[in-house]
Amino acid sequence: MHFPPVNWLAVLVAAIAIFVLGGLWYSPVLFAKKWIALQGRTEEQMRAQAASANMPMMYLSAFITALITAWAMALVLVHFDREIAFTWAHGAMFGFLFWLGFAATTSYATALFSGKPKQLWLIDSMYNLVSFLIAGIILAVWR
């Protein structure tokens, strides 16, 4: 299969934005306390789990998934006529459609059967929405 060329610098910047947003989203600054509580855990349990985990590999894996997300979004966007002047609004629309059509729907279907609180899905899904919006904007205007 042949993949069309994409703007790799834009893909990298979008991936970094997704990764950094994740760090902020799941930090005490935003949703960490609520997210941990909705999982039925305590902060101490999460710290203990983090201490026994391979955190560098987890962060590397998270960045790689952000990079794959940004690359896949760029591949779709590159199929649109390059002579169209995409604006940030176009990018946000694409990001919203990617979220709605893929991330929100599939994660919600999984959440329905997981028995976890819907608020947990909402926190995770809103992270995906904001990530896709930001990446969509970056990739659309920096073609």
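What volume does the second largest pocket have? In this predicted model, where local features need pLDDT of at least 70, side-chain atom pairs count only at pLDDT 80 or more, and totals for chains, interfaces and linings use all residues, the second largest pocket has a volume of about 210 Å³, while the largest pocket holds about 1300 Å³ of space. Residues are numbered from 1 along each chain as its sequence is written, and side-chain values use heavy atoms, with hydrogens and water left out.

**Terms**
- A pocket is an open set of points on a 1 Å grid over the protein atoms alone, where a 1.4 Å probe fits, with protein on both sides within 12 Å along at least five of seven lines, and its lining residues have an atom within 4 Å of a point.
- A volume is the space filled by probe spheres set on the points, which are joined across faces, edges and corners.

**Largest pocket**
- Its lining comprises 36 residues, of which Gly22, Tyr26, Trp35, Tyr59 and Ala62 lie nearest the centre.

**Second largest pocket**
- Of its 13 lining residues, Ala111, Lys116, Leu120, Trp121 and Asp124 are the closest to the centre.
- H5 and H6 are the elements that give two or more residues to this lining, and H6 gives the most, with 5 residues.

Conventions
Helix = DSSP H or I, 4+ residues; strand = E, 2+ residues; numbered from the N terminus.
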